[in-house]
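Welcome! Let us learn to read a protein structure together, one feature at a time.

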Amino acid sequence: MLPYQPMRVNRKQVLAVFAVGIFVLFLVARSRPPSRYFSVSTLGDSVGKQEEIFHQHYPFSPNVTRGFRYENTDLDKAFYEFPIPKDALYVYKAFYDLRDPEGPRIRVCVTASCRVIDDPGTTIDLRVDGQSIGLGWKNSTNCCRCAVDGCKYFSYDIASKIYRGPVPETVSFHRNEHSAEILVEQPPSNYTDDISACTGPLHWYNDWPRLILYVETARLNGISRILVTWQSISKEVKAVIDYYQQKGIIDPHPWPVLPFNDEIDMYPQVHNAGQNLFNQYCNFWSGSKYTHLSDVDELLHIRHQNRTLYDLLEATARQNASIGGFRFQHTPLALNWIPEPFDYEKFLKLDALRSARTPNTDRWRLGKSIWMTNVTRISWVHYVLKFFAGRENYHVPRDQALLLHMRNSFQKSKAAPLFPDFRLWPKEQMTERLAKMADTIREIFRDGPPNYRTSTLPASEKCTMVWPSCWNAGASCFTSMSNHDDWIYAKPTPQSFHIPV
């Protein structure tokens, strides 16, 4: 009997066979349309439906980059391996929504050209199990009726007619001869008696001090959960987001660019880099009775701090049953709190917060709002555009609360203060709150002092002015901004991706 001899394996041959197999799969992927790339049996029953749909449209490993428009960064992972239809609509998410008093609807968040949406030759349909459920409305979530010159893509809320069938797993979104299956998500319907907030999307954002002040002020105002959407952020900002995520306060949400390929890239023509699509998503995300929408440089301030923000909202709503939203008036806030050049230890004293001012700049600006989540239909960046049940917006008087806007341009204002007796926090609480904030900052950056580049914001604002009709150039500023910091970029994920239809 021959002695046992282990089988010898030629590693080069194995690697060659493996490489050929990968190449064959690549050719197959390019030759098939997304709807047939994977089947349920191919993916296996253990894989969620959302991941199945995601991999149909983004079939390659998330570690593999196909496009090179953004210098082989994660933004390039939005490169679309399949043909993108001309004048495509970009579908983001679909929801089974119970808020309409008339009955349930399936609502879809979409980025589209109003020229295509309004074209009589464009047929849009929603289907469940192959049967049309009809369209109830297709409304822009922007303030404007249609796009301005050079900015052709707006955000839309496309809703079915009243749908009383079983909650479907997916809805089929059709535009003329093009279609795609979209997972139907169920937003919260049993709202908790508190306030959630949404901010973003963050583009070329490195201002970690302002983000910390925003979060800590929100917590003092009783805001329990914050949705932070981001596309390009510095490592320091990511560390802040991660810290508050671990505390259960921030829910981070990456915001990738629209799918693009060598022939088509509509992202530079999207109004405000898709912010109004995010605003609408915020309305589906929130599980709180009240939802606040603002930018990171805006703080809510209760004038009489013997009651909470939630108490103010509840008391006001009891006095007027028609209220659905609360509009807070814009108030400039001057904070000279970032040393230049940046000095971390000097900054940690936070003394400038003691002398925050409200300069009267004599320029009227729109403020921001809080809305009742269960009656809000379309939420715009500044206030609710459409309510259910005939609700309306209420203007909160300045003697009750303010929307503080801490723009850098307000810092050097020499205008007389709107409120001479203004304090960011009560005098007797100021020292304690500043000490707690400094301790939080030290805990976030316990591995070493953070960096802060004061040149980043001016560079971002300068690039944005090149795209004045779209207001926010976002990733379109990549060439100008990519070298200003060590950026972390958003990529498509099963939780956040767009499908061109």
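Q: What span should the 18 residues of helix α10 have, and how far apart are its end C-alpha atoms?

A: Happy to start there, and please keep in mind that this is a predicted model. At 1.5 Å a residue, helix α10 (residues 427-444) should span 26 Å, and its end C-alpha atoms are 26 Å apart, which agrees.

Q: Which residues of α10 are buried?

A: First the general idea. An α-helix has 3.6 residues a turn, so residues three or four places apart point the same way. Now the case here: Met430, Leu434, Met437, Ala438, Thr440, Ile441 and Ile444 are the buried residues of α10. They cover an arc of only 160 degrees around the axis, which puts them on the same side of α10.

Q: Which residues are exposed on the other side of α10?

A: Glu428 and Lys436 are exposed there.

Q: And what covers the buried residues of α10?

A: The cover includes helices α5 (208-220), α6 (235-246) and α9 (344-347).

Q: Could we step back to the chain? How many helices and strands does it have?

A: The chain has 12 helices and 23 strands. Of its 501 residues, 54% count as buried. The chain exposes about 23600 Å², and carbon and sulfur atoms supply 50% of that area.

Q: What percentage of contacts join residues at least 24 apart?

A: Take the contacts between residues at least 6 apart in sequence: 78% of them join residues at least 24 apart.

Q: Let us turn to cysteines. How many disulfides does the structure hold?

A: The structure holds 2 disulfides. In one of them, cysteine 198 and cysteine 282 have their sulfur atoms 2.1 Å apart. The torsion about this S-S bond is about 85 degrees, so the disulfide is right-handed.

Q: Where do cysteine 198 and cysteine 282 lie?

A: Cysteine 198 is in strand β9 (residues 192-202) and cysteine 282 is in helix α7 (residues 275-285), so the pair ties together parts that are 84 residues apart in sequence. Both cysteine 198 and cysteine 282 are buried.

Q: Is the link of cysteine 463 and cysteine 477 left-handed or right-handed?

A: This link is left-handed, with -105 degrees about the S-S bond. The sulfur atoms of cysteine 463 and cysteine 477 are 1.9 Å apart. Cysteine 463 sits in helix α11 (residues 456-464), while cysteine 477 sits in the loop between α11 and α12 (478-481), 14 residues apart.

Q: Are cysteine 463 and cysteine 477 buried or exposed?

A: A residue counts as buried under 20% relative accessible area. Cysteine 463 has 7%, so it is buried, and cysteine 477 is buried with 1%. Cysteine 109 also counts as buried, at 0% relative accessibility.

Q: Now for the rings. How many aromatic pairs does a search of the whole structure find?

A: The search finds 32 aromatic pairs. One of them is formed by tyrosine 92 and tyrosine 281. As a general idea, a pair of aromatic rings is described by the distance of the centres and the angle of the planes. Here the values are 6.1 Å centre to centre and 90 degrees between the planes, and the pair is edge-to-face.

Q: Which elements hold tyrosine 92 and tyrosine 281?

A: Tyrosine 92 belongs to strand β1 (residues 90-97) and tyrosine 281 to helix α7, and the two are 189 residues apart. Tyrosine 92 is buried, with a relative accessible area of 5%, and tyrosine 281 counts as buried at 8%.

Q: Which residues do ring pairs link into a cluster?

A: The cluster joins Tyr70, Phe79, Trp204, Phe260, Phe478, Trp487 and Tyr489 through ring pairs.

Methods: Residues numbered from 1 in each chain as written. Predicted model: local features only at pLDDT ≥ 70, side-chain atom pairs only at ≥ 80, totals over all residues. Heavy atoms only, no water. Helix = DSSP H or I, 4+ residues; strand = E, 2+ residues; numbered from the N terminus. Buried < 20%, exposed > 50% of the residue type's maximum accessible area, 1.4 Å probe, protein only. Contact = heavy atoms within 4.5 Å. Areas by Shrake-Rupley, 256 points an atom, 1.4 Å probe, with all protein chains shown as cover. Expected span 1.5 Å × (residues − 1). Arc of directions from axis to C-beta. Disulfide = S-S within 2.5 Å. Phe/Tyr/Trp six-rings, centres within 6.5 Å; stacked < 30°, edge-to-face > 60°.
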